[in-house]
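Let's take a walk through a protein model together, one piece at a time. Keep the 3D view open and turn it as you read.

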Amino acid sequence: MAAGGSYSIVEYFGGDGGHRCGYCKHENGNFSHGMWSHTMTVQDYQDLIDRGWRRSGKYVYKPTMNKTCCPQYTIRCHALNFHPSKTHKKTLKKVNRFLSRGEMPVERHDEGQEGLLEDIKGRLKPFSSILQRTVAIAAGKTQSFLSDSLGEIMDSAHEEGVQPPRQDPLKIDHSEVQDISTSPDTDTTNSAAPATPREDAAPAPEEKTPNVTPKPGKGADPSRPLGRKAKDIRKERRLQKEQQKQQEAESSSVNPVPSKSSSNQPKSLEEFITESLPNDPLHRLEVRLVRSKPPSAQFKASFDASYQVYKLYQMAIHKDPPDKPTESQFKRFLCDSPLEAEMAPDGPEVGYGSFHQQYWLDGRIVAVGVLDILPSCVSSVYLYYHPDFSSLSLGTYSALREIAFTRQLQQQSPKLAYYYLGFYVHSCPKMRYKGQYQPSDLLCPETYTWVSIERCIPRLEISAYSRLSENAHEGDACVLKELGRVLVLHRRTVMPYAAYARKRKGSNDEKEVEQYASLLGQTCAERILLYRA
């Protein structure tokens with residue numbers, strides 16, 4: 001029951017039949033339990049998503065984890081400790097370049113970009129042996145060995161269907177990933193023609209190099225110092241930096257200088273978001289938060305423009321036919337919500353409930369993030385954007401803005417410290433990008449405790465479904481113990497299930513109610529009203 005005295009009311013639908021999976025496209029491999037929520041308090045929904053439930057409109061569902069083809073693990077990011085990765089920083093800079101100077105990057109979908117990087121790393125693994133042999137060559141092997149090894153390297157590269165890289169084969173320059181499909185150095189297509197090594201890849205064998213007498217005046221200038229290896233220069237610089245740091249540490253212990261220590265702190269997410277933006281940018285981006293349930297005046301005024309963006313997004317990105325993303329479907333999917341608007345003394349100023357975070361570019365909507373603001377988190381429901389701006393990686397950009405928004409709300413409500421990204425699906429590579437927002441946790445499907453994603457990945461590599469908790473003795477703290485205490489709503493009267501069962505002699509719904517209550521847990525089952533006809 002909410003602080004205002006209202007109850008959450010649901011109708012349970014069960015979940016025995018399989019449905020088409022949106023991840024692996026299995027026709028009937030997706031299993032879940034569902035219920036229709038007529039109304040729900042934000043605390044009840046917070047407790048439900050902390051047990052693996054999630055809403056789509058007013059429909060609330062929970063994947064049958066040990067049965068469904070693609071297990072979906074609830075994932076949350078520690079917003080206060082979040083630091084953007086290199087990929088995240090690139091996205092922020094890309095958007096800021098567009099806002100500042102109008103630079104629109106080459107078209108590419110940002111969905112699953114991190115998964116693409118992981119795939120590239122996997123493709124480069126076969127070159128590890130090549131790297132070892134290259135190091136051996138540099139260590140002083142003979143020219144004859146070099147000649148033999150070069151042939152082996154080329155043969156190995158042909159077997160893998162790739163060309164040998166020009167530089168360190170295990171080092172990925174993220175700045176080049178965007179053009180990796182067209183770069184001749186990373187061509188991964190099979191070719192019948194022999195690969196041609198770079199001219200500077202290795203020196204040619206001695207016997208094939210003609211002896212050419214240098215022309216007069218050519219060669220090293222004896223008046224200049226000998227050239228130094230880059231490795232030695234780097235080593236010297238590193239030693240100088242270490243000595244400088246040591247001297248600063250010694251001096252600061254005597255005369256502390258707070259300003260210097262603070263200047264050495266890494267940039268915050270908020271600083272990266274506004275970095276390099278001039279006072280008068282070419283394009284102006286405004287982020288507006290409007291309440292969708294109950295709909296605010298701003299939400300109503302922008303409804304049609306928002307719907308048009310959604311329709312274009314569904315047709316271009318998800319290939320929906322024009323008649324599928326109707327206005328009524330949009331309302332049911334992204335506007336309707338069972339969550340009641342609530343205000344609390346220790347809550348955020350905007351209150352709790354369901355919202356649309358609109359991105360206005362030069363006076364028109366280009367993207368919308370659908371959010372739920374709950375007692376402990378900001379929960380991301382969905383994002384849609386105008387297809388003309390897909391190359392700006394708005395999926396990543398909006399997630400970073402939502403993390404920053406969570407941090408802003410936490411200053412007003414200290415316990416609101418997490419950003420929930422929905423479900424993490426390890427068996428679907430394009431959904432693994434959610435694990436890049438770190439530090440993050442996955443919800444154990446058996447104990448409903450949070451486990452660091454780094455500890456979960458090895459288990460998920462072995463099996464798509466896994467008990468994530470490492471404590472073999474740990475169980476569900478809210479396991480159902482007393483079915484009779486489950487609350488039901490019958491003929492507009494709230495009563496425990498035990499009283500309902502006595503009234504309805506011969507009722508055969510005990511197994512259904514027990515299944516429902518087990519999925520909710522004892523605590524939620526004693527607060528949420530299960531509707532009984």
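In what order do the strands of the open sheet of 7 strands line up? Keep in mind as you look that this is a predicted model. Going across the sheet, you pass β3, β4, β2, β1, β15, β13 and β14, and the pairing along the way is mixed. The two ends of the row are β3 (54-56) and β14 (493-496), edge strands that each pair on one side only. If you look at how neighbouring strands sit against each other, ignoring direction, they are turned by 40° on average.

Strands in a sheet pair through backbone hydrogen bonds, and the pairing can be parallel or antiparallel. Now pick out strand β1 (residues 9-14) and strand β2 (residues 32-39), which are an antiparallel pair with 5 bridges. Helix α15 (residues 510-520) lies across β1, β2, β4 (59-63) and β15 (529-532), and its direction makes an angle of about 110° with β1.

Stay with this end of the chain and find Tyr497, which belongs to helix α14 (residues 497-503). Is Tyr497 buried or exposed? Its relative accessible area is 5%, and buried means under 20%, so Tyr497 is buried.

Time to move to another set of strands. Strand β7 (residues 353-361) and strand β8 run antiparallel and are joined by 9 bridges. One of the pairings to look for is Phe355 with Leu371 in β8. The two strands form a hairpin with 2 residues between them, and in this hairpin Asp362 takes a positive phi near 50°.

β8 has a partner in strand β9 (residues 377-385) too, again antiparallel, this time over 7 bridges. Here you can look for Ile373, whose bridge partner in β9 is Val378. β8 and β9 also make a hairpin, with 3 residues between the strands. How many of the 10 residues of strand β8 (residues 364-373) are buried? The count is 9, so β8 is largely enclosed by the rest of the structure.

Now for a pair of helices. Helix α10 (residues 303-317) and helix α11 (residues 327-335) pack at an angle of about 95°, and their axes are 11 Å apart. The two helices are therefore roughly perpendicular to each other. On the α10 side, the residues that meet α11 are Phe303, Ser306, Tyr307 and Tyr310, while α11 brings residues including Phe330, Phe333 and Leu334. Sorted by type, the residues of this contact are 7 nonpolar, 2 polar and 2 charged.

Finally, zoom out to the whole chain. There are 16 helices and 15 strands. The chain has 533 residues, and 42% of them count as buried. Among contacts with a separation of 6 or more, 69% are between residues 24 or more positions apart.

Note on methods:
Residues numbered from 1 in each chain as written. Predicted model: local features only at pLDDT ≥ 70, side-chain atom pairs only at ≥ 80, totals over all residues. Heavy atoms only, no water. Axes fitted to C-alpha atoms, helices over the stretch in contact; angles between N-to-C directions. Helix = DSSP H or I, 4+ residues; strand = E, 2+ residues; numbered from the N terminus. Parallel < 35°, antiparallel > 145°, perpendicular 65-115°, else oblique. Contact = heavy atoms within 4.5 Å. Nonpolar A, V, L, I, M, F, W, Y, C, P; charged D, E, K, R; others polar. Buried < 20%, exposed > 50% of the residue type's maximum accessible area, 1.4 Å probe, protein only. Pairing = 2+ DSSP bridges.
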